Amino acid sequence: MALLLGFLLLLGLCEDTMSEEPSSSQYRPGGLEFQLPPTSYQTSDSYDPGPAGLFFHIVRLFVQIVQPNAFPEDILRKTIQKKFDPSKEYDKIIYYEIGIIICAALGLLFVVLMPLVGFFFCLCRCCNKCGGEMHQRQKRSGPFLKKCYTISLLVICVFISIGIIYGFAANQYMRTRVEETRKLSDSNFNDLRTLLNVVPGQIDYILDQFTHPKEKAFDDLDNINSLVGDGIYEHLKPKVLPVLKDIKDLAKDMKANRDTLVQVNTVLTDVKHSSAYLRTSLRDVKTSMEQTLTDPQCSFPAVAPTCNSIRKSLSVLDDSANFDHLPSLDGHITQLDGLLQTDLSSLVQKANESLSNIPEEVQNQTRDFITEFKKTLNSIQSDVKNISTKIPIQKTLSSFVRYINNSEDYILHYLPTMEECDSYRWLVCLVVCCLLTLILTFYLLGLLCGTLGYDQNATPTRRGCVSNTGGLLLMVGAGFSFFFSWMAMTTVVLTFVAGGNMEKLVCEPYRNKKLFQVLDTPYLLNEDWKYYLSGLVLNKPDVNLTFEQVYSDCKENKGLYATLKLDHIYNVSEQLNITKHTGDINSNLENMNIRIEDIELLDKTGMKTLMDLRSSGIDDIDYAAYLNATERSPTRVNLISFANDIQRKANQLPSGRLKTSLKSHADTLINIHQNQVIPLQNSMSTMNKQMKTLHYRTSGLKVRVSTTIFFLNSTQDFLTSQLSKIVVEESKQFGSKIISYFEWYLQWVEMTITQQFAACKPAATAVDSAVNVFLCSYIVDPLNLFWFGMGKATMLLLPAVIFAVKLAKYFRRMYSEDVYEDDPVNNMRHANSRARAEQGTQTI
């Protein structure tokens, strides 16, 4: 009880070091594992008798057959309550013990009758009866009967030898195990001392484990910038970053659009100038060719068709490309230049920096809090470590140590007496085994000598010395059987009654826990207590605390708290409730005030720039006109083909000034194509590509900008209304994580105290060692094996005596034998033998 009070005191002191504020953290921290160091004990929790276990089991089955009645629970209950009167209820005892009584009666009958029968058997043989006459009648079945008697006696001797071996083995097994009792006792007491000695260490270990959650909390506090700040940042990132990215993309596109517009506008100016110059050049060539065709030579009938054909084709030189209808893009460029005065990319970068600085801001704001909180945790750890100094555990355990020492002294005091008594028992059993061995030896020697010395051709009166010795040895064995068997049977009866009852009344009910069930009977050991053990330990006899449950729990190495149901005295679950013990920590965490200033994603200037961009009209440019103009050919006809055609036609004319002028104009057209048309085509192609790109980037610009402005306003509203809540939520999560370390520690403390602290397996092992190992396995099992083997050997002496006496007649030398009329020699030998027999009969 002193240990129990000290145990409850420990729990009470644990309660005093913790606060009572609520916490709802359900976080299970990773990397924070606690485990009570295992304790090793010397005594094995199970006993293995080895090969002898098979024979012990056989004997138990035999006892079960002899005594099949169930364990007498009612008789034992009445005996404990002192309500059983053997003189009045002896019939119940007889009914239960009927099997053992019958067997014991048969054994006692054997003890009485065996020497009595031997006495009358000797008298009978002295009177020349019962085979005492030294005359063997010749029978045709004689050889067959001799073989039957020999084989039967040999088989019986084999079974007797097995029983004797059982006796020797069981006798020595018990002696060896009794000699190991001191070692078994020492190991059990050492285990109990180890259990008591480990309790203070377990208390210190449990308290020292507070260091691990504290260090874990310190690590998190040192990394609060990443745990809280990054948490806030990660919470805002999905909302804010897409909007900032859209604004940044708009800024990039706006600058790219302005550059494209400048390039397109520059190309447009060049194209306009080049197209005008091309028209002038083509018009001059056309005028010059028309003047050339006014040459008088064109009036000649042979030349006129050619001149007319050329004159008609000159119309293709008109209507070349004209870009004057395309408006200049200077207005749009000027507008974008104004918009680009506001650097949206810098504003976005500023907003990103505001987000990225959240972890650093958290670190700066919590620096003082972390210092104070660490001091609080160190103070709590100091209080926890001082708990063990406040518990008088050594004083509490000293009484148990004294009880164990006294018990050990008591056992050691009587152990030599027990060993001395066992040595006497061993000697008596050894003598009995040796007596049966002596009888068996005479039988075996008689069989050996008789069989080896037997001469089938020798007559009964002329048998050899060896054969005669064999017969004498068989008769000596028979005599010793009558003389000593009653002693062996007396030993068998005594050990049978003791061992059989111990097996049925102690060992078997202990193994199947019937014995515990009897002790757990309500109001059995104390009339005022329903459950004796709960009344003794808890002072609450109505609590269902049973011997069977305590033994089973200790067998499973459970702690004393769960085993003895100490929750009825001190409810650890309530006292270690998380809502009671995390108040100090939780109240300190509530002082962790983190305030993040409102983050402005885009100032008023940036917002105005976006709105101006939406109304800039860049996406309203007549891209179709520009694309159509730049996709057409600068001239109506390919000038190279047209010039070649002119040259072909000029070659048909006769030589002269007309022909030469036309060829000169053709060369001029080729030169115009190469120097003007081709560069103009390249500029138009470049302008076409740029306008397509610009059209693609500005397509849906109003919708895009409007969408960006909508999400920007929505995100800004979110930050304004939810940022403080996000900060509070992340702070609470951080606080819950810190608290979870200590909750997990407290839960482990609760589990350890209720299930593992002061695990009582050595107590169950000590009970097993005393009852199951020492009493049943060391004493009862070999004792039962002894009477089982010796009883079988002793009972087999009866048929052995009969067959030995019968067989001795065929081995011993006879004084007379049967004489047949047709054999005169035998007749004379028979007459002489009869004469000697008449003078005096010699018998054994």
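This is a predicted model: local features need pLDDT of at least 70, side-chain atom pairs count only at pLDDT 80 or more; totals for chains, interfaces and linings use all residues.
Biologist: What percentage of the residues is buried?

Modeller: The protein has 844 residues. A residue counts as buried when its relative accessible area is under 20%. Buried residues make up 45%.

Biologist: How many helices and strands are there, and what percentage of the contacts with a separation of 6 or more joins residues 24 or more positions apart?

Modeller: The protein contains 31 helices and 2 strands. Among contacts with a separation of 6 or more, those between residues 24 or more positions apart account for 89%.

Biologist: How are helix 9 and helix 26 oriented to each other?

Modeller: Helix 9 spans residues 304–313 and helix 26 spans residues 639–651. Their axes are 10 Å apart, and the packing angle is about 165 degrees. Angles over 145 degrees count as roughly antiparallel. The two helices, helix 9 and helix 26, are therefore roughly antiparallel.

Biologist: Which residues of helix 26 meet helix 9, and in a crossing of which hand?

Modeller: From helix 9, the residues T306, S309, I310 and S313 take part in the contact with helix 26. The residues on both sides divide into 3 nonpolar, 3 polar and 1 charged. Helix 9 passes helix 26 in a left-handed crossing. The residues that helix 26 contributes are F642, I646 and K649.

Biologist: Is S313 buried or exposed, and which residues does S313 contact beyond its neighbours within four places in sequence?

Modeller: S313 belongs to helix 9. Its relative accessibility is 17%, so S313 counts as buried. Leaving aside neighbours within four places in sequence, the contacts of S313 are with F642 and I646.

Biologist: How are helix 10 and helix 24 oriented to each other, and which hand has their crossing?

Modeller: Helix 10 covers residues 330–339, and helix 24 covers residues 604–614. The axes come within 10 Å and cross at roughly 165 degrees. Helix 10 and helix 24 are therefore roughly antiparallel. Their crossing is left-handed.

Biologist: Which residues of helix 24 meet helix 10?

Modeller: On the side of helix 10, the contact involves Q335, L336 and L339. Over both helices, the contact residues divide into 3 nonpolar, 2 polar and 1 charged. The partners in helix 24 are T609, D612 and L613.

Biologist: How are helix 2 and helix 29 oriented to each other?

Modeller: Helix 2 consists of residues 52–66, and helix 29 of residues 761–795. Their axes lie 9 Å apart at an angle of about 70 degrees. Angles of 65 to 115 degrees count as roughly perpendicular. Helix 2 and helix 29 are therefore roughly perpendicular.

Biologist: How do the residues of the contact of helix 2 with helix 29 divide into nonpolar, polar and charged?

Modeller: Helix 2 contributes F55, F56, V59, R60, F62 and V63. Helix 29 contributes D781, P782, N784, L785, W787 and F788. The division is 9 nonpolar, 1 polar and 2 charged.

Biologist: What is the phi of N557, and is N557 buried or partly exposed?

Modeller: N557 is located in the loop between helix 19 (547–555) and helix 20 (560–563). Although N557 is not a glycine, its phi is positive, about 65 degrees. At 33% relative accessibility, N557 counts as partly exposed.

Biologist: What is the phi of A758, and is A758 buried or exposed?

Modeller: A758 occupies the loop between helix 28 (701–756) and helix 29. A758 is not a glycine, yet it has a positive phi of about 55 degrees. Its relative accessible area is 5%, so A758 is buried.

Biologist: What distance separates the C-alpha atoms of T754 and K558?

Modeller: T754 is a residue of helix 28. At 13% relative accessibility, T754 counts as buried. Along the chain, T754 and K558 are 196 residues apart. Their C-alpha atoms are separated by 8.4 Å.

Note on methods:
Residues are numbered from 1 along each chain as its sequence is written. Side-chain values use heavy atoms; hydrogens and water are left out. Helices (H or I, at least four residues) and strands (E, at least two) are DSSP runs, numbered from the N terminus. Buried means under 20% relative accessible area, exposed over 50%, partly exposed in between (1.4 Å probe, protein chains only). Contact means heavy atoms within 4.5 Å. Axes are lines fitted to C-alpha atoms, for helices over the stretch in contact, and angles run from 0 to 180 degrees between N-to-C directions. Angles under 35 degrees count as roughly parallel, over 145 as roughly antiparallel, 65 to 115 as roughly perpendicular and the rest as oblique. A crossing is left-handed if the near helix is turned anticlockwise from the far one by less than a right angle, and right-handed if clockwise. Ala, Val, Leu, Ile, Met, Phe, Trp, Tyr, Cys and Pro count as nonpolar, Asp, Glu, Lys and Arg as charged, and the others, Gly among them, as polar.
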